[in-house]
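Subject: Structure handover and findings

Hello,

Please find the structure below.

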Number of protein chains: 2
Amino acid sequence: MKSRAYASGINRRVLLTCAALLPIPALLRTGPALAQEAGSQLASWNDGPAKQAIIDFVRATTDQASSKFVPPEERIATFDQDGTLWVEHPMYTQLVYCLDRVPAVVAKEPGLKNREPFKTVLSGNREAMAKLSLRDLEEILFATLTGMPVEVFEAEAKKWIETAKHPRWKRLYTELTYKPMLEVLQYMRANGYRTYIVTGGGQDFVRVYSEQVYGIPPEQVVGTAAGTKYGYNRDRKPFLTKEPKLLLNDNDAGKPEGIHLMIGRRPYAAFGNSTGDRQMLEYTGAGDGARLMMLVFHDDAQREYAYGPAQGLPDTKVGTFTQALYDEAKKDGWTVISMKNDWKRIFAFE
Amino acid sequence: MKSRAYASGINRRVLLTCAALLPIPALLRTGPALAQEAGSQLASWNDGPAKQAIIDFVRATTDQASSKFVPPEERIATFDQDGTLWVEHPMYTQLVYCLDRVPAVVAKEPGLKNREPFKTVLSGNREAMAKLSLRDLEEILFATLTGMPVEVFEAEAKKWIETAKHPRWKRLYTELTYKPMLEVLQYMRANGYRTYIVTGGGQDFVRVYSEQVYGIPPEQVVGTAAGTKYGYNRDRKPFLTKEPKLLLNDNDAGKPEGIHLMIGRRPYAAFGNSTGDRQMLEYTGAGDGARLMMLVFHDDAQREYAYGPAQGLPDTKVGTFTQALYDEAKKDGWTVISMKNDWKRIFAFE
């Protein structure tokens, strides 16, 4: 598998080198100045098909003379977060947050101490925790993310994200964003694209830091969302309470559904890294004109992690880069980003 | 009641005239040039407390020297649509659309012909139609607004909105927007505010024309929303189908809840006209610093319609300007806009 991905990368690269020798109209129209500029804006990217796909797409859709020109108001680019914009291993950051919150929840509601799944989480036994079912995790998510006023949740999450550190790098999670992807966000915005996060993670959680970390304002974060309930405190001051009622499961088919609900426009570019992003990329690709679909492929065990088909994981594993996803990408002209080959550096602190 | 509202308007106007003779620091800071500019941008407004409240709010929140300055990214203003931005009588425009669609729905599903509430709608008997229950109307809404691909709905709604006319003025519904409110939208945007529609009407319906009519893009329309379902056609091309499943009832408490879901920020300014907007205005007013809460009061039977407490309607009527709402406005410092006194003209075509 790995050799196949590699060979495919080589072939495309060879083709591209040859193409560079020809007078391609698209290149001539935009000129070398713009090309250089894009090169410097994507400084953490190695030259190759992935970087080129981004530059070509932006050129085609922002050049008024191009048949694929997209009016500024329609320029929407959507980005998955976990595994696409920042590290998702060994555990989604938000899940780490929820597990960290369990002691505080149990302190308020002592009856939970001897009840599963809370008992297992309190034990600190990582092996037992890894075996918790999806249903168990859901119960932990609801218990730790709902039942409080919106402002209380925001303050708690903010405090955590400003102090909690990743076990491998001993750095803040917000430092574990991928430098090349931050450059793509900036590059797209510099070319009139509005960048949205479309994440399976909690909308309210990601909104707490999205502006500071990604330059993406809260109103451009679409995520899994629970409802809120309007009420009044004793002084009749109104406030919203986070409710354990799922409004939008922003994974898989939920991503295009969430995009329609929250944005109401089909994206022109979409970035993901797992089967949970498949429908978002399909939906993006089903639009007219130039569209850019990209998948971050985690094949760099040394600098980050390696997982997905190259590592021989079974296709059925939820939320990973399966063989079927890889095949669909090849068939539908999506571009696979090899972290190992396409990224000069991965983190800003390197 | 009318006399009381009128007297209150007079008192505020007298106060304001006196205030204009004093050297108020806020006025000095921004200077007469800006004041004139605001005056010309709000050309359809008579001078008075309502116009002044808008100008004072914008000055206080956009002047860097002001203690109430609001950073541009936080400048959010929300507007109800029906009765606030355009005419809602004798019937909400979207409901007219749904009733107009019934024959097409019945043609596709002939079994509905002899079933209520469709039978009554097909009869064309206005009196009987006016007696349909909320549950009946809900059934008509679901039957006419869901069950088709998103694109099919959009094309149908677009065609209708470009041709259907209001029975009184014999003009397109989109011509029946309030000129003074269009000026407020523009004025707020010229001062860095992002303007959102927050409507009890259907989100997908309003998005069809919001950009063209109000200059508000689809992603800034929050409305009552049904879910969509992702699927594939025979060629495996993906599409979204509108489902008869309510996700967000964007009325009453649903307005602040919808604002949190879709925007994730508390508005600094909110405009409404009925009890359905009460919670949105309360939620806006509960924020720190300068906030602007305004209610359009329909007291102009000659140029538009007169309804609400001045007309002696019972307080319990859903979705109107009740006495209780009027009292809350006075108590909480919300500004009531008198269509009769505050608006020089109502429509652009006048």
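A charge is said to sit over a ring if NZ of Lys or CZ of Arg is within 6 Å of the ring centre and within 35 degrees of the ring normal. By that rule A:R266 lies over the face of A:Y283, 4.4 Å from the ring centre. In A:R168 the charged end sits over the ring of A:Y305, at 4.9 Å from its centre.

Before the rest, some background. This is a predicted model, in which local features need pLDDT of at least 70 and side-chain atom pairs count only at pLDDT 80 or more, while totals for chains, interfaces and linings use all residues; side-chain values use heavy atoms, with hydrogens and water left out. Residues are numbered from 1 along each chain as its sequence is written, and chains are lettered from A and ligands numbered from 1 in the order in which they are written.

Chain A

Helices (H or I, at least four residues) and strands (E, at least two) are DSSP runs, numbered from the N terminus. Chain A has 15 helices and seven strands. Buried means under 20% relative accessible area, exposed over 50%, and partly exposed in between (1.4 Å probe, protein chains only). Of the 350 residues of chain A, 53% count as buried.

Is A:S67 buried or exposed? A:S67 is exposed, because its relative accessible area is 75%. This residue lies in the loop between α3 (49–62) and β1 (76–79) of chain A. The C-alpha atoms of A:S67 and A:Y326 are separated by 30 Å, and the two residues are 259 apart along the chain.

Two strands pair if DSSP finds at least two bridges between them. In chain A, β3 (residues 221–232) and β4 (residues 238–248) pair in the antiparallel sense, over seven bridges. A:T228 has A:K242 in β4(A) as its bridge partner. The hairpin of β3(A) and β4(A) has five residues between the strands, and A:R236 takes a positive phi there, near 60°.

The sheet in chain B

Chain B holds an open sheet of seven strands with mixed pairing, in the order β4-β3-β2-β1-β5-β6-β7. Why is one side of β4 (238–248) and of β7 (335–338) left without a neighbour in the sheet? Both strands stand at the edges and each has a single partner strand, so one side of each has no neighbour in the sheet. Direction ignored, neighbouring strands of this sheet are turned by 30° against each other on average.

Strands β1 (residues 76–79) and β5 (residues 269–272) of chain B run parallel and are joined by three bridges. B:F79 stands opposite B:F271 in β5(B).

Two helices lie across β1, β2 (194–202), β5 and β6 (292–297) of chain B. One is α9(B), which runs at about 165° to β1(B). Another is α13 (residues 278–285) of chain B, lying across β1, β2, β5 and β6 at about 160° to β5(B). Axes are lines fitted to C-alpha atoms, for helices over the stretch in contact (heavy atoms within 4.5 Å). Angles run from 0 to 180 degrees between N-to-C directions.Helix α14 (residues 323–332) of chain B has B:Q323, B:L325, B:Y326, B:E328 and B:A329 buried. After α14(B) comes B:G333, whose phi is positive, near 75°.

Aromatic rings

Rings of Phe, Tyr and Trp (its six-membered ring) pair if their centres lie within 6.5 Å; planes under 30 degrees apart count as stacked, over 60 as edge-to-face and the rest as tilted. Over all chains, a search of the whole structure finds 39 aromatic pairs. One of them is the edge-to-face pair of B:W169 and B:F347, at 5.1 Å centre to centre with 70° between the planes. This pair links distant parts of the chain, 178 residues apart: B:W169 is in the loop between α8 (150–161) and α9 (179–190) of chain B, and B:F347 is in the segment after α15 (339–342) of chain B. B:W169 is buried because its relative accessible area is 17%, and B:F347 is buried because its value is 0%.

B:F347 also forms a tilted aromatic pair with B:Y178, at 6.2 Å centre to centre and 35° between the planes. B:Y178, in the loop between α8 and α9 of chain B, is 169 residues apart from B:F347. B:Y178 is buried, with a relative accessible area of 0%.

Elsewhere, ring pairs link B:W86, B:Y97, B:F153, B:W160, B:Y173, B:F205, B:Y209 and B:Y214 into a cluster.

Where the chains meet

How many residues of chain B are in contact with chain A? There are 38, and they touch 38 residues of chain A. Chain B and chain A bury about 3100 Å² between them, 52% of it on carbon and sulfur atoms. Buried area is the accessible area (1.4 Å probe) that two parts lose on being put together, summed over both. B:Y230, B:H260 and B:L261 supply 21% of the area that chain B buries against chain A, more than any other three residues.

Regards
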